[in-house]
Amino acid sequence: MTVGRVAALGERARVAGLALAGAVVLVADDPEAVRRAWRSLPDGVDLVILTPAAAEALRQDPGLPAGSRRLTTVMPP
């Protein structure tokens with residue numbers, strides 16, 4: 001059984017500590033950086049933990065694909 005990797009995407013202060021748990025951390029402090037980071041997610045990432053601001057940035061971009069093979073979850077505010 002192959003287990004996918006976990007990534008955390010969003011503001012540095014909210015995601016940096018997840019690296020200690022083995023997550024691939026993608027720091028993105030503004031909406032455009034969030035969208036760039038999403039498009040550059042490494043292969044093998046199956047779960048993406050988003051900060052609330054990152055989730056909002058992705059919701060507001062009609063150019064991103066509606067579906068994804070990646071499961072996402074949003075941190076509480």
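**Strand order, helix packing and the core**

Gly10 is part of strand S1, where helices (H or I, at least four residues) and strands (E, at least two) are DSSP runs numbered from the N terminus. The structure is a predicted model, in which local features need pLDDT of at least 70 and side-chain atom pairs count only at pLDDT 80 or more, while totals for chains, interfaces and linings use all residues. Residues are numbered from 1 along each chain as its sequence is written, and side-chain values use heavy atoms, with hydrogens and water left out.

The relative accessible area of Gly10 is 0%, and the residue is therefore buried (under 20% relative accessible area; exposed is over 50%, and partly exposed is in between, with a 1.4 Å probe and protein chains only). Not counting residues up to four places away in sequence, Gly10 touches Val15, Leu26, Val27, Ala28, Thr51 and Ala54; contact means heavy atoms within 4.5 Å. The C-alpha atoms of Gly10 and Ile49 are 8.5 Å apart in space, with the two residues 39 apart in sequence.

Four strands form an open sheet with parallel pairing, in the order S2-S1-S3-S4; two strands pair if DSSP finds at least two bridges between them. Strand S2 (24-27) and S4 are at the edges with a single partner strand each, so one side of each has no neighbour in the sheet. Direction ignored, neighbouring strands are turned by 20 degrees against each other on average. Axes are lines fitted to C-alpha atoms, for helices over the stretch in contact, and angles run from 0 to 180 degrees between N-to-C directions. S1 pairs with S2 over 4 bridges and with S3 over 5 bridges. Ala7 stands opposite Val24 in S2, and its bridge partner in S3 is Val48. The parallel pairing of S3 and S4 comprises 4 bridges, and Ile49 has Thr73 as its bridge partner in S4.

Helix H2 lies across S1, S2, S3 and S4 and runs at about 165 degrees to S1. Helix H3 lies across S1, S3 and S4, at about 110 degrees to S3. The buried residues of H3 (residues 52-59) are Ala54, Ala55, Ala57 and Leu58. Viewed down the helix axis, the buried residues of H3 fall within an arc of 160 degrees, so they line one face of the helix; the arc is that of the directions from the helix axis to the C-beta atoms. These residues pack against strand S1 (5-10), helix H2 (31-39), strand S3 (45-50) and strand S4 (71-74).

The largest nonpolar core has 16 residues, of which Leu9, Leu26, Val34, Trp38, Leu41, Val48 and Leu50 touch the most other members. S1, H2, S3 and H3 each supply at least two residues of this core. A nonpolar core is a set of buried Ala, Val, Leu, Ile, Met, Phe, Trp, Tyr and Cys residues joined through side-chain atoms within 4.5 Å. Beyond its neighbours within four places in sequence, Leu50 is in contact with Leu9, Ala55, Leu58, Thr72, Thr73, Val74 and Met75.

Thr51 is located in the loop between S3 and H3 and counts as buried, at 0% relative accessibility. The side chains of Thr51 and Glu11 are joined by a polar contact of 2.4 Å (a pair of N or O atoms within 3.5 Å; within protein, one must be able to donate a hydrogen and the other to accept it, and residues adjacent in sequence count only if both atoms are side-chain atoms).
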